[in-house]
Amino acid sequence: MTSLYEEIPTAPAADVPTRRVTITVNGEKRTLDIEPRLLLAHLIRQGLQLTGTHVGCDTTGCGACTVLLNGRPAKSCTVLAVQADGREVTTVEGLASAQQLDPIQEGFKEEHGLQCGFCTPGMMLAAKALLERNPNPTEDDVRWALSGNICRCTGYQNIVKAVLWAAETMREES
Amino acid sequence: MALDELKIGGMGASRRRVEDNRFIRGKGNYVDDIVLPGMLHMEILRSPVAHARIKSIDTTAAWEVPGVRLVMTGETLAARNLAWMPTLSYDTQAVMATDKVRFQGQEVAAVIADDPYIAKDALSRIVVEYEQLPAIVNPEQAASPEAPLVRDDKVNQDSNKIFDWEIGDKESTDRAFAEADVVSTIDLHYPRSHPSPLETCGSIADYDRATGKLTVYMTTQAPHIIRAAVAMVAELPEHMIRIVSPDLGGGFGNKVPVYPGYVIAILASILTEHPVKWVEDRSSNLISTGFGRDVYLQGQLALRKDGKILGMRMHTISDHGAFYADAQPTKFKIGLMHSTFAAYDVPAAHLTSEGWYTNKAPGGVAYRCSFRVTEAMFFQERMMHAAANDLGMDQAEFRRINLVKDDQFPYRTAFGFLTDSGQYGKCLDIALDAIGYANFKEEQEEARKRGKLLGIGISTMTEPLGAGNSREYDIIGIKMFDSAELRVHMTGKAILRTGAKTQGQGHETTWAQIVAHELGIPAEDIVVEEGDTDTAPFGMGTYASRSTPVAGAAVAMVARKIRAKARKIAAHLLEVSEEDIEWELGRFYVRGNQERGVTIQDCALAAYSNVPDGLEPGLENNAYYDPPNLTWPFAAYVCKVEVDPETGVWDVLKFVAVDDCGVRINPMIVEGQIMGGLTEAYAMASMQYITFDEEGNCIGSNFMDYLLPTAWETPGYELHEVVTPCPHHPIGAKGIGECATVGGPAAFVNAVMNAIEHTGVRNVDMPLMPNRVYEAVQTGRDVSGAPPVKGD
């Protein structure tokens, strides 16, 4: 892939540099030729057409673009795609299996943890990383873990409840 | 047997949201997610300066970038008579600058290319030569006789004043002040704020030369108004314009206006014969699209010694930026500012307003409120707070004396609004009880011994939500009603479409609940669609908390039309006359013989298979609803804070919200709206503001300068409800989406003031950042106006 939209230019202009990267996205290994300046968020959204990852601010300020990079939350709007070379990326599309939603997804629906839905994928991935390292968080733990993610609709109270709901469900399941 | 309404997801059920199923999977469909074949990308070059004459624009180098398809400037638009467009307040606004730039961030040129990276590369190669002019950044400067004229493009505009406007009765108000024992005064600034939905604005324009049809996917809260506006501006026939508003990542008023980017993208699509996508970055969104507030609020109350309010005077000075582009009903120049004090029994009132042009971004949108009512209620509750102090009265007692009593409804306010229902005193009592008001004085004393300052702040208000009626309310002449269309299929499933447009409020869930309530069709059997002007009935869209008051009423009314037709079919099926048919939820039966009946689903099937003679087949209808009045929800918000006098940092110890929005369709969603609104109130009270330096540079052009609260800062809320049904709404509901944003800020500010006013401070203007609070506590003096920023 040389451009963001494969259907338009079939080859890069002569002087556009490209670099080959291999990135595992939601468990699937992808090898791509990309411009070194391409941002990870754009590779995910336009290149791989996984549009669940949103871009809200372009400056690491809002967290809508949060994905997991080798299991840790990263704001993909300020990560170059080449920096993900050889790594694993998890997006919202990788949260649920074909049969089952992740308890975090269920929690957000159950506790009305979303309204417009734009911040939700980033919120859920930040929460996922929290629960992996701390399966029994306090309310303050949750608020701190999500403090890099902005929501303009909910006022956070139900998001916090959603994450605590998921934590409890996961503890019961394990 | 009648159905159990809660089990079928009817009214009152905290039904989990239908739309969540796609959002939690990352399968929403926002504008930027849409990809059309052959789609090109547009980026806009914006002015780096606030006020300048454009001496030249050189686009040669931009054209030479491989992958660039088109470069546009003001000349490109002017040649097609599109350089200027009308605003929603009957002014004009530049689509792209031709002569001058009038605010930082104004559109100067655009590049259309194969991908956004190429377009941005090309933008950097456009050379614009500016001759900088002095910038006006507030109304005081605008009023100076030496001030440069912001709108020298307008014939007959010889000053920077946009309007003088007044409402109310000056004479009787003057008399009230002459008779007053005490006159209380307050002088406030409500700083400029930006709604900042997490999704920025954008569109994809797709003009098809073969059919002549223009389709625009657009982040808009009001697709039908946009269709009308595009028809006017672009002179395209209305039936050849299709506006599609897909999933919206929030709106809060920011997505009501027509922005230049939309118009430029449309022309770009016509010229390139390709779909053209334009999506703002965050800086563009913050510096160029509709802001809220930016108004100075000055007022006085005439008071009797015993606490009775005799009269109210108010003067507003508003800063509208370079173009008067407020989205508001035509009759009112400063929105519904005159709804101030609607909750109180005030015999006489007079409001004067002046509006000014400055070299700042235009907008004046209703940021999560019904046309300037946020400013109106903030003024009201800060004024009430100051007046109670001036009288030496208890804050709650002073409000109790003056709140409109339950037996006074319907009540005509001094400015002419008709409030129709409420239990104001009860709401206040519940809130005071929940916060522990009775023991607060002791608590405050005890805290002082620890060196901490406790404060309690009350905000009680009713606000006008859900415009129309259409006699009084229109936008650019289009009357403010709304609509719904319901089609019941033969298996008893249904599709409902309305003229509103959800942007997170959950219409797909709640509209189905209204239909379930009216027809007994389970909510899960009803799909709801909005936002496509080719399929949705005409409506004025979603803002001003008008969806439930207007479109929601239309949903109930269309369902009732369906039920009336189903009744005829039921009579036919049961072989009795229609007069002998009774209705219970989901079912018609024969009077006196409840066993003998048919379900609504039976009637639906018969509508397509067994229709009585003389009745047309099918089971579908539409309804246009013109509300007889606004709806008047009431809220009592009480906040308790602790201020650290050594740092000026304040923490919310407890926040109690008692909301009466009439009948609640989905209590879970109502509470979600209240908590979200309170957080925006907290944001404005504590940190969220946009200011400008002396040269007109916007300070607040990204999320590092423009602070939004996160989960860490945001307090928790305790919610209570009171239900006083709206007397004129078909299901008794009132608006709720904006109450908390409107009434909330004063609760926070009053609480902080209460904590520090023993130092002699009367007012600290928002945002109450620690340094401002610290300054006030240390000096005992007011801290007023927007935080000043000095240029280098």
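## Domains of chain A

Chain A is split into domain 1, covering 19-94, and domain 2, covering 103-173. The model described here is predicted. Between the C-alpha centres of domain 1 of chain A and domain 2 of chain A the separation is 21 Å. Where these two domains meet, 16 residues come from domain 1 of chain A and 13 residues from domain 2 of chain A.

On the side of domain 1 of chain A that touches domain 2 of chain A, β3 (66-69) and β4 (72-75) of chain A each contribute at least two residues. The most is given by β3(A), with three residues. By class, this side of domain 1 of chain A holds seven nonpolar, eight polar and one charged residues.

## A helix pair in chain A

Helix α2 (residues 103-110) and helix α3 (residues 120-133) of chain A pack with their axes 10 Å apart, at an angle of about 125 degrees. Because of this angle, α2(A) is oblique to α3(A). The crossing of α2(A) and α3(A) is right-handed.

From α2(A), the residues I104(A), Q105(A) and F108(A) meet T120(A), M124(A), A127(A) and K128(A) of α3(A). The contact of α2(A) with α3(A) comprises four nonpolar, two polar and one charged residues.

## Contact between chains A and B

Between the chains, 48 residues of chain A are in contact with 47 residues of chain B. On the side of chain A that touches chain B, at least two residues each are supplied by α2, α3, α4 (139-145) and α5 (157-173) of chain A. The residues on this side of chain A divide into 23 nonpolar, 18 polar and seven charged.

## Domains of chain B

In chain B, the domain assignment gives domain 1 (20-27 + 482-625) and domain 2 (417-464 + 630-792). The centres of domain 1 of chain B and domain 2 of chain B, taken over C-alpha atoms, are separated by 40 Å. Their contact draws 15 residues from domain 1 of chain B and 14 residues from domain 2 of chain B.

Two or more residues of the side of domain 1 of chain B that touches domain 2 of chain B come from each of α14 (507-519) and α15 (547-574) of chain B. Here α15(B) gives the most, with six residues. This side of domain 1 of chain B is made up of five nonpolar, nine polar and one charged residues.

## The three-stranded sheet of chain B

Three strands of chain B, in the order β27-β28-β29, form an open sheet with antiparallel pairing. The edges are β27 (581-584) and β29 (593-599) of chain B; each has a single partner strand, so one side of each lacks a neighbour in the sheet. From one strand to the next, the twist averages 35 degrees.

Four bridges join β27(B) and strand β28 (residues 587-590) of chain B in the antiparallel sense. Across from E584(B) stands R587(B) in β28(B). Helix α16 (residues 600-609) of chain B lies across β28 and β29 of chain B and runs at about 45 degrees to β29(B).

## A helix pair in chain B

Helix α11 (residues 395-402) and helix α12 (residues 424-435) of chain B pack at an angle of about 165 degrees, and their axes are 10 Å apart. The two helices, α11(B) and α12(B), are therefore roughly antiparallel to each other. Their crossing is left-handed.

In this contact, A396(B), R399(B) and R400(B) of α11(B) meet G425(B), L428(B) and L432(B) of α12(B). By class, the contact of α11(B) with α12(B) has three nonpolar, one polar and two charged residues.

## The four-stranded sheet of chain B

Another open sheet of chain B has four strands in the order β21-β31-β32-β35, and its pairing is mixed. At the edges stand β21 (453-462) and β35 (718-721) of chain B, each with a single partner strand, so that one side of each has no neighbour in the sheet. Direction ignored, neighbouring strands of this sheet are turned by 15 degrees against each other on average. Strand β31 (residues 634-643) and strand β32 (residues 650-660) of chain B pair in the antiparallel sense over 10 bridges. Within these strands, V638(B) stands opposite V656(B) in β32(B).

Helices also lie across this sheet. Helix α13 (residues 440-449) of chain B lies across β21 and β31 of chain B, at about 145 degrees to β21(B). Helix α18 (residues 739-756) of chain B lies across β21, β31 and β32 of chain B, and runs at about 150 degrees to β21(B).

Key. Residues numbered from 1 in each chain as written. Chains lettered and ligands numbered in written order. Predicted model: local features only at pLDDT ≥ 70, side-chain atom pairs only at ≥ 80, totals over all residues. Domains from an automatic or database assignment. Contact = placed C-beta atoms within 7 Å. Nonpolar A, V, L, I, M, F, W, Y, C, P; charged D, E, K, R; others polar. Axes fitted to C-alpha atoms, helices over the stretch in contact; angles between N-to-C directions. Parallel < 35°, antiparallel > 145°, perpendicular 65-115°, else oblique. Left-handed = near helix turned anticlockwise from the far one by under 90°. Pairing = 2+ DSSP bridges.
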